[in-house]
Amino acid sequence: MTEHMLIGFLTGLALYLLYISNKCRFQVNEGSVAILTSFGRAILINKETNHLKTFLPGLHFKWPWQKVYKISIMEQMIDLSDNESASMAMVADGTLLRLDAKLRYSPLKTNLYEYLFSMGKANEHIKSLFTCLLHNEIASFENKNSGIIKSQEGSYAALRKDRQQMNQHIQEFFTLKMGENYGIHFDGVDLTDILPPDELAHALNGVINAQSEAQRSYAQTEGECEQRLIAAKKGIAIAQAKAKAVEEEIMTLVHILEKLQKNGTLQQYIERRKVEVFSESKLSYIKR
C-alpha cells in the first residue's frame, strides 16, 4: 500500500513539475514580440515613458504567475467598409457614396503600452477612429487643381478622376493627424473603389445606354447615307454615259445629214424617211 502511494505521489509530482515547466516557458514566432504582466501589472523598462520590456522571437522563460501577451508587429489590414454604415460617406455636394477602403498599419515596438493598454479593443477603436477621419476628409476634399470641386462636374466624378491625389492627401492628413499615437504606425488607407448610390448608378447607366443608342443610330444613319451617296454617284455615272451615247448618235446623224446636203440628196432622204415612217405607223395601227 505504501509503495502504491509513493508511486502515485511521484507520478503526481512529475506531472506537476511538467505543468510548472510548461507554464514557465513561452515561444515567440517571427514577426511577433511578447510582453509580460505580473499580477496584472506590465513589466516596464522605463516607468516614466511606459516603455515595455519586449521579448523577441525565440524561446523564453517566465514565472508561473506571469501572463504573456503576444503582438504581431507585421503590417495589419482592417476593412473599413465591412458594414453599410461604415461604407457610406457624404461628399461635398451632399451625395452619399459607397466606399471600399482598407486601412494598413503596424504596431510600434517602442510604444506597445499605448497599443495594448490605452484601448479596450484596439482593432475596433482604430477602425472607428480612422473611419470617422476618412469620412471627414472625403466630405471636405477639394480638387487642388481647381481650388473647389466644380458643381457641373460633381463630387463623384471629381473623386474618381482625382483618386490618386485624394489617396495622397488622405495619407498626408492621417500621418500628420495621427503620427504614432495609439502605439501604431499608419501605413496607408487604400480606396479600392468608389461606388455611387443606387439612384445615381441607375442615372449613369441610363446616360451610358442613351449614349450607346445615339452612337448606334448615328453609325446606322451614316451607313445608310453612304449607301445612298454611292448609289447616287452610280446613277450619275450611268446618266452621263447615256447622255454621251446620245450625243455621239446625234453628232453622227449631223455628219450624215451634212454629207447628204453637200451631195444634194438631203431632200430625197427626208422624203424617203417620211414614207418609211408613215408605212411603219400604218402597220402598227393595223396590228393593234
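This is a predicted model: local features need pLDDT of at least 70, side-chain atom pairs count only at pLDDT 80 or more; totals for chains, interfaces and linings use all residues.
## Overall make-up

The protein chain contains eight helices and eleven strands. It has 288 residues, of which 25% count as buried.

## Aromatic pairs: Phe39 and Trp65

Six aromatic pairs are found in a search of the whole structure. In one of them, the ring centres of Phe39 and Trp65 lie 6.1 Å apart with the planes at 10°, so this pair is stacked; planes under 30 degrees apart fall in that class. The pair links distant parts of the chain, its members being 26 residues apart. Phe39 sits in the loop between strand S2 (32–38) and strand S3 (41–42), while Trp65 sits in the loop between strand S6 (58–61) and strand S7 (66–72).

The two residues fall into separate accessibility classes. Phe39 has a relative accessibility of 69% and therefore counts as exposed, the cut-off for that class being over 50%. Trp65, with a relative accessible area of 44%, is partly exposed. Ring pairs also bring in Trp63, so that Phe39, Trp63 and Trp65 are linked into a cluster.

## Aromatic pairs: Tyr113 and Phe117

A further pair is formed by Tyr113 and Phe117, whose ring centres are 5.3 Å apart and whose planes stand at 55°, so the pair is tilted. That angle lies between the limits of under 30 degrees for stacked and over 60 for edge-to-face.

Both Tyr113 and Phe117 belong to helix H3 (residues 112–117). They are four residues apart, which corresponds to about one turn of the helix. Tyr113 counts as partly exposed at 26% relative accessibility, and Phe117 counts as partly exposed at 34%.

## A nonpolar surface patch

Leu6, Leu10, Leu13, Tyr16, Leu17 and Tyr19 make a nonpolar surface patch of about 620 Å². One of these residues, Leu10, is placed in helix H1 (residues 2–23). The relative accessible area of Leu10 is 47%, and this residue is therefore partly exposed.

Methods: Residues are numbered from 1 along each chain as its sequence is written. Side-chain values use heavy atoms; hydrogens and water are left out. Helices (H or I, at least four residues) and strands (E, at least two) are DSSP runs, numbered from the N terminus. Buried means under 20% relative accessible area, exposed over 50%, partly exposed in between (1.4 Å probe, protein chains only). Rings of Phe, Tyr and Trp (its six-membered ring) pair if their centres lie within 6.5 Å; planes under 30 degrees apart count as stacked, over 60 as edge-to-face and the rest as tilted. Patches are made of residues with over 30% relative accessible area and no salt bridge: like charges are joined within 9 Å, nonpolar side chains (Val, Leu, Ile, Met, Phe, Trp, Tyr) within 5 Å. Accessible areas come from the Shrake-Rupley method with a 1.4 Å probe; for residues, only the protein chains shown count as cover. A salt bridge is a side-chain nitrogen of Lys or Arg within 4 Å of a carboxyl oxygen of Asp or Glu.
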